[in-house]
Each structure stands twice: as structure tokens, then as C-alpha cells.
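This report describes selected features of the structure shown below, beginning with a strand pairing and ending with a helix.

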Amino acid sequence: MKNTNFLVVGVGGQGTVLSGDVLAEVGMTAGYDSKKSDVLGLAVRSGSVISHIRWGEKVNAPMSMKGTVDYLLAFEPLEAIRMAGYLHPDSTAIVNEYRIPPAAVTTGQIQYPQVEKIKQILAGTTQTVYYINATEKAKELGNVKAVNILLLGALSSLFEISPRVWEGVITKYVPDSFRELNLRAFEAGRELIGGDKANISCQASVLAEADDLEKL
Amino acid sequence: MKSLLSGNEAVARGAYEAGVQIALGYPGTPSSEIIRTIAEEYGKDIYTEWSTNEKVAMDAGAGAAYSGRRCLVTTKQVGVNVLSDSLMYAVYTGIEAALVVVTADDPGLFSSQNEQDNRWYTRLAKIPLLEPADSQEAKDFVILAAELSEKFDTPVLIRTVMRTSHSKSVVNLGSRPQTPEGVGPFPRNPEKYNCTASNARHMHPRVEQRLLDMAEYAETAPFNRIEWKDRSLGIITSGVIYTYVCDVFPEASVLKLGMTNPLPKKMIKKFFEGVEKLVVIEELDPVLEEQIRAMAIDVIGKEVFPPCLELLPDDIKKYSIKAGLLREDKSEVQGSNKTGLKALQELPLRSPVFCAGCPHRSTFYLLNKMKLPVAGDIGCYNLGTLPPFRAQHTMGAMGASIGVLHGLSLAGLPENRVCTIGDSTFFHSGMAPLVNMVHNHSRGVVILMDNSVTAMTGHQDHPGVDWAVTRDRPAQKVEIEPLVKAMGVKKVKVVDAFNIEEVETGLKECLDYEGPSVLITRGECVFVSKNPQPAYHVDLGVCVACQLCFKVGCPAIGLAEEKNPKNNKFKSHIEPTLCTGCDICRQVCPTGAIQPPSEKEEGE
């Protein structure tokens with residue numbers, strides 16, 4: 001059996017590591033072998049955070065090779081395109097549209113990539129990209145910190161694993177006082193992709209050619 | 001029962017299941033979560049301690065193991081340099097109960113000053129080396145190491161790398177064995193435990209014999225195994241690299257070594273004879289390769305797989321294709337991927353910066369302004385090396401800054417000089433060089449940056465705080481100020497790190513002093529502080545876009561959307577979700593544009 005490979009990426013402080021932990025444990029609970037590898041930046045806050053997760057009958061390396069990641073869950077658009085080389089044409093990417101500009105951008109030394117450029121880079125690597133505004137949605141639910149579980153909810157709707165399994169693992173990983181909020185966030189995330197499609201712009205039709213990218 | 005554990009959590013579990021009773025270490029990425037996990041999960045059964053430094057942990061570990069308690073000592077790779085002095089005598093003496101040392105190496109330098117390969121230490125010390133490939137082995141090898149330690153009467157080293165420490169995989173959990181309740185009497189056996197020359201002379205041959213016995217054991221030990229597949233290519237590997245090899249070379253025969261010192265030479269020879277071409281794939285140094293070559297066996301190794309940085313599956317694949325060991329699978333190469341990759345090279349990076357609210361900011365703002373030579377040390381404050389400060393000019397090892405400062409003084413530099421060192425680092429290895437400065441009439445300012453925690457490694461305790469390992473465990477606080485005075489430092493000044501003027505005045509006073517001086521810049525780490533203030537804001541009507549506030553390098557300060565038409569520069573903006581109201585930027589703003597929330601706003 002071929003492994004299912006995930007990448008969960010974002011910025012330190014967004015709760016990506018916890019999402020990846022839940023994802024890895026859901027894999028184990030669903031009966032797969034499961035492995036995860038984290039790369040945390042030097043900065044406690046505001047550095048790039050990358051988590052590889054792999055499910056399968058037997059998983060060897062805890063990280064995927066380039067061109068073999070099936071699902072990219074990106075908490076931030078810039079972090080999404082940084083990982084574009086790991087995707088393949090049949091990958092699915094879920095990208096939170098909320099931007100966190102690095103210090104070099106906020107102090108005017110370099111520009112944050114244009115939305116069009118971001119979309120073209122991702123469209124150039126894979127056919128299925130969901131752009132969702134998970135941060136806004138989490139704010140609506142009352143706590144922006146729930147964005148990590150909300151994004152997991154969106155990802156979970158692409159799998160046949162019962163939502164109860166995901167919810168059980170989430171309950172184990174989040175503090176009791178935030179349990180109810182996170183379960184609501186999970187449900188809201190599921191609806192973003194699985195249910196009401198109004199908030200989704202699927203980029204399946206946009207396939208950039210190499211020349212287009214170089215012009216950008 | 002199964003559980004998904006990181007390598008560090010699995011080592012902690014292994015300690016529990018091995019009947020370890022005492023676990024000691026000094027924090028250091030990527031090893032720090034071992035002690036933390038033991039304290040949080042198994043604290044009822046195992047005593048934990050963040051010792052003052054790794055050598056202290058090693059000596060205490062030896063003492064407890066001599067007394068009959070199973071012990072675990074944890075460290076990051078460079079910490080083994082610190083504890084090696086003590087490891088070397090424990091090798092000669094042996095132990096009564098198991099003594100297991102875990103080193104978490106850092107290929108790729110994710111948070112270290114070098115990429116040293118600690119496998120060499122086991123050749124120097126002549127002790128067993130175990131290298132787990134995943135969390136299951138990390139747990140199993142701690143139990144095994146405890147058994148080997150007692151079986152062969154020796155300390156045992158387990159070496160993980162960042163990828164084993166910080167990766168999670170499925171682990172089958174076992175139970176904890178019966179452990180001794182009481183111990184003693186202490187073995188009064190100086191012939192075994194006192195390395196005076198006349199005793200040590202007899203210990204050395206025992207160490208050599210032990211090495212031969214362990215090599216024999218390694219031949220049949222279950223953790224060294226040959227996986228026969230296609231015999232045209234055979235790969236010898238160990239640790240996490242084994243899992244990469246399985247992905248990149250699913251068809252090849254593999255000799256998987258769990259124990260890499262001493263080597264099972266007969267098994268290696270048998271494997272060599274069974275394959276057409278032999279390759280050694282190891283990260284960093286050619287530790288296995290050189291020994292195998294010394295057996296007159298021809299192997300492919302470092303000429304294909306370079307000794308620097310990590311050797312990830314993608315790297316192994318790339319180098320193997322280049323060397324003709326692997327054929328390129330054209331179907332795997334997505335043209336579309338390559339198009340994206342070129343555009344990715346110009347993406348803005350997220351370089352590490354001091355957190356908003358960090359107490360170190362004021363010191364580096366001043367050091368940048370004053371252009372003094374600065375000997376630096378290891379901790380968060382090393383970020384003062386980076387823009388916009390660029391104000392730590394040397395850095396190499398824990399506690400080195402004070403000795404280097406003394407050297408700058410000895411050299412007779414025409415300019416005055418300072419060094420920076422954190423509170424935890426000072427306790428770790430800064431006290432001896434400070435006493436040396438005092439005794440030898442040195443001159444220079446030691447800026448002791450006291451943020452009340454070992455910050456960079458994840459906020460552990462040190463002797464200068466009143467808790468130990470977990471916040472609810474009280475400990476005796478050692479006060480820094482009377483300590484440095486008692487060491488003979490005549491000029492000691494304590495200043496508020498969140499007050500730039502106070503730090504500047506204190507620094508100038510210390511610089512004027514003709515002798516060694518200590519400036520303690522005190523301010524709690526933002527992660528420790530229980531008192532974050534409401535966010536400040538920029539009054540755009542007052543801001544003239546001088547951008548001087550950028551010089552404090554705060555991640556909460558960025559560009560506003562509004563420009564000053566006179567200099568055509570963007571004004572400043574403070575991100576309210578990041579700002580902790582530390583006040584530093586307000587102190588550098590020349591126009592008063594940066595303001596705390598008014599009382600009215602706070603009331604809202």
C-alpha cells in the first residue's frame with residue numbers, strides 16, 4: 001500500500017504543531033502506521049514551522065520526499081508556496097488566506113508575494129487548491145487560536161474516517177477549557193469544504209505554465 | 001497499548017520501563033523534552049533535575065549509579081564536551097546500577113553551534129553506542145542500554161539526532177519493573193571506584209577486555225541485523241538513516257546496525273561477501289566507513305554522501321543517482337514542480353528575532369549604538385548577532401564569553417570591551433572565568449542578562465530561580481548579585497532591562513571602572529512574566545516616519561499604510577496582537593508618537 005503523505009506548515013504561534021500531532025494520531029487510531037517529523041525555526045515565535053505526517057501500512061522515513069506529498073495544509077499563504085516542491089499534480093492543498101508578513105516585509109525590505117503569484121505557483125504544481133479564510137472564521141467563532149483545529153476540520157472532510165475519531169483525538173490534545181470551542185471549530189472547518197461550498201475557490205482550472213511564472 | 005511518541009518522549013518512557021530512578025540533564029535542543037516528559041509523566045517514580053551543567057549531571061549520575069540506582073543523563077551534542085571529563089572516569093570505574101547517557105545530536109545545525117558527530121566519543125571512551133531509528137527503538141534501546149550497562153559494567157551512550165528526537169512514531173508500551181526501595185550501604189571499594197593511578201592501571205586492561213567482550217556480543221545481538229533482498233547492492237547504515245534508506249532503496253539488502261560501537265566485524269564481513277557492491281550511508285562523519293575500510297573492505301561512502309548537514313531521503317536519492325547507485329525514475333519528475341521551484345528562491349524568509357517584550361532588546365540596542373567589541377555567549381541573546389543589532393562579535397561555547405573577554409583584556413586592545421551572558425549560562429560555566437578575571441586583575445564589563453529562566457531551550461529552571469523542573473516544585477534560589485560580589489567583583493550594578501536610560505547609565509559606569517565589573521540587566525522573559533501590558537499604538541499625526549523604532553528590532557513594529565510626504569517614507573505601525581507594552585520603542589521614539597493606551601481606552 002502506498003503511504004499517504006501530509007505537510008502541515010505555518011508560522012510559530014499558529015498551533016500547527018498541535019494540528020500535526022492530532023493528524024498523526026488520527027492516522028494511528030484509524031489503524032495505520034503513522035509517523036511525524038517537525039522542523040521548528042530557531043525563533044520560539046514567528047518562525048516557519050514544518051510538520052511532515054505520513055500514514056500507511058508501514059511507514060519508513062518520518063518525512064516525505066519532494067513531489068510525494070498528497071495533502072498540504074497551510075496556515076499561511078507564503079508558507080504554502082515555500083513547500084510547493086513537495087506537491088505532485090494529484091495533490092490537494094488547503095491554504096488559509098490569512099497572511100502573516102515576515103519582519104523583512106513589515107519593515108519594507110522585501111515585498112510579500114502577490115496573491116496572483118501565490119495562486120499561480122500552487123496551480124502550477126497541483127490541480128486542487130482550496131483557499132479558505134480560516135482565521136476569519138475562527139475569529140467569528142470567538143477565538144482566533146482555534147484556527148488550527150478549524151483547518152483540520154477542513155482537511156478531515158476529504159477523508160472517510162469518521163468525524164468521531166477526529167473529535168476523540170482533538171479532545172485528547174486540547175485543554176479541557178477549550179474543548180467545546182475546538183469541537184465547534186472542527187465542525188465549522190468540515191463545513192467549509194465538505195458542506196457549504198460558498199466560501200471555496202477551487203483552482204482546478206488554473207494551470208500555469210513555466211513561462212507565466214517566470215514573468216511574475 | 002500503543003502510543004504515538006516523539007523520540008524524546010520515547011526515551012522518557014524507556015527510562016520508566018527500564019526502572020531508571022534518577023534522571024539528570026542540562027537543557028539543550030533537541031534533547032530538552034526528555035527530562036520534561038519524565039517529570040510530567042513519570043515524576044512519581046523518577047527523580048528529575050536540571051543540573052547546573054552537564055558535567056554536574058554526569059558526576060551526580062555516577063554517584064547515584066555507584067550507590068545502586070539506575071540513572072539517565074541527558075544532553076545535547078555539545079553538552080557531551082562538557083560532561084566528557086566525568087564520562088571518562090566512569091568508563092574506568094564502571095557502576096553498581098545502570099548509567100545511561102543520551103546525546104541528542106544536531107546534524108543540520110537547527111539550533112547548535114556545530115555539527116559534531118558524537119559517535120566518536122564512544123570510540124574514545126570505549127563504551128557501547130546505540131542508535132535508535134525511530135521512537136519504538138528509542139524506548140527499547142534505553143531498556144537495552146540499562147541491561148548492557150550492568151551486564152558489561154560500563155556507562156552506555158545512546159545517540160539520537162534531531163530527526164529521531166523530534167519525530168513521532170508508534171510505540172508499544174510496556175510496564176515498569178520492580179525498583180529497589182532502599183539502597184546501601186555504599187560500596188567502599190576504592191580499587192574499583194577511585195581512579196588513582198595505582199588503581200586506574202588495573203582498570204584500563206578491564207576496559208580493553210570489556211570492549212572485546214561487547215564486540216563478540218554484538219555479533220549475535222538482535223538489534224544488529226541483515227535484511228537480505230537484492231544482492232547487487234548492500235547498504236550498511238544505522239539510526240534514522242536506516243528509515244530513509246528503506247524509502248530510497250526498497251530493493252537493496254541492508255545491514256542495519258542498532259549498536260555502532262563496538263562493531264560486529266564478522267557480521268559486516270559476511271554481509272560484504274554476500275553482496276556485489278557495498279555502500280555505507282551515514283550522516284556527518286565516516287565513523288563506520290573508516291572502521292570498515294580498516295578491515296580491508298572496500299566500500300563506497302563519503303565520496304558520494306557528503307559529511308556536512310543532514311542526509312535526508314531526498315539527499316540520499318540525489319547523491320545516489322549522481323553516483324550511479326540508483327536510476328532516475330523519469331515518471332516521478334513532475335515538470336510542473338520544477339516551474340514553481342525557481343520562483344520559490346526569492347521568497348522572504350522568517351529570520352529569528354527577539355520576541356516582542358524581550359528584556360534583551362535594550363542591551364543590544366545600546367551595544368549597537370555604542371559600537372563596543374562584544375564577546376557573546378549561548379542563549380536567546382545570541383539573536384543580538386543578527387540585524388538590526390549585529391552586536392555579538394564572538395560566540396562558540398557555553399560560558400566562553402567571560403574567558404574571551406579576559407583574553408581581549410590580556411591582548412591589550414585599545415578600546416573598552418564587554419561580554420554578554422545569560423543567567424543560566426552564567427551558572428552553567430561562567431563562574432570559573434569570572435573568578436579568573438577577578439584574581440588576575442582583568443578589565444571588562446560582564447553584562448549578565450538575567451531573565452529568570454533558561455529561555456531558548458523552552459523555559460527551564462536554573463539555580464537562580466525558586467522552582468525546579470516544574471513550577472510547583474519549590475527550590476532554593478541562589479541570588480546572583482551577592483554571588484558575584486562574594487567572588488570578589490567590586491563593581492556590581494543592577495539595572496532594569498526595560499529602561500534604556502538606566503541600562504545606558506549603568507553600562508557607562510561599569511565601562512569607566514578600571515577592573516572587572518558586572519552589569520546585571522534584570523527583566524523577566526516574556527514567557528515567564530505574569531504581567532503583559534496592553535498594546536501601545538502609533539499616533540500617525542505625530543509620527544514623522546524617521547523609522548528609528550525599527551532599530552529596536554521588534555516583530556510587533558512594522559510599516560503603516562501612511563507616508564510622511566516630506567521624506568516619502570512609511571510611518572510606523574504597532575501590531576496590537578503582538579505588542580506586550582514593554583515600553584522600549586516608546587523610549588527611542590524622538591517625537592512621542594508611540595504611546596501607551598490612554599486610561600480611557602484601558603477602561604473600555
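## A hairpin in chain B

Strand S22 (residues 557-564) and strand S23 (residues 569-574) of chain B pair in the antiparallel sense over 5 bridges, where pairing requires that DSSP find at least two bridges between two strands. Helices (H or I, at least four residues) and strands (E, at least two) are DSSP runs, numbered from the N terminus. Within this pairing Lys563(B) stands opposite Phe570(B) of S23(B), and in the hairpin, which has 4 residues between the strands, Asn568(B) takes a positive phi near 55°.

The model is predicted, with local features needing pLDDT of at least 70 and side-chain atom pairs counting only at pLDDT 80 or more, whereas totals for chains, interfaces and linings use all residues. Residues are numbered from 1 along each chain as its sequence is written, while chains are lettered from A and ligands numbered from 1 in the order in which they are written.

## Contact between chains A and B

The contact (C-beta atoms, placed from the backbone, within 7 Å) takes 50 residues from chain A and 40 residues from chain B. On the side of chain A that touches chain B, S2(A) gives the most, with 6 residues.

S2(A) is also joined by 3 bridges to strand S8 (residues 167-172) of chain B, the two running antiparallel, and Lys35(A) stands opposite Ser169(B) in S8(B).

## A mostly covered helix

In helix H2 (residues 33-42) of chain B, 7 of the 10 residues are buried, that is, 20 or more other C-beta atoms lie within 10 Å of their own, with C-beta atoms placed from the backbone. Among them are Glu33(B), Arg36(B) and Ile38(B).

Methods
Buried ≥ 20, exposed ≤ 12 C-beta atoms within 10 Å, placed from the backbone. Contact = placed C-beta atoms within 7 Å.
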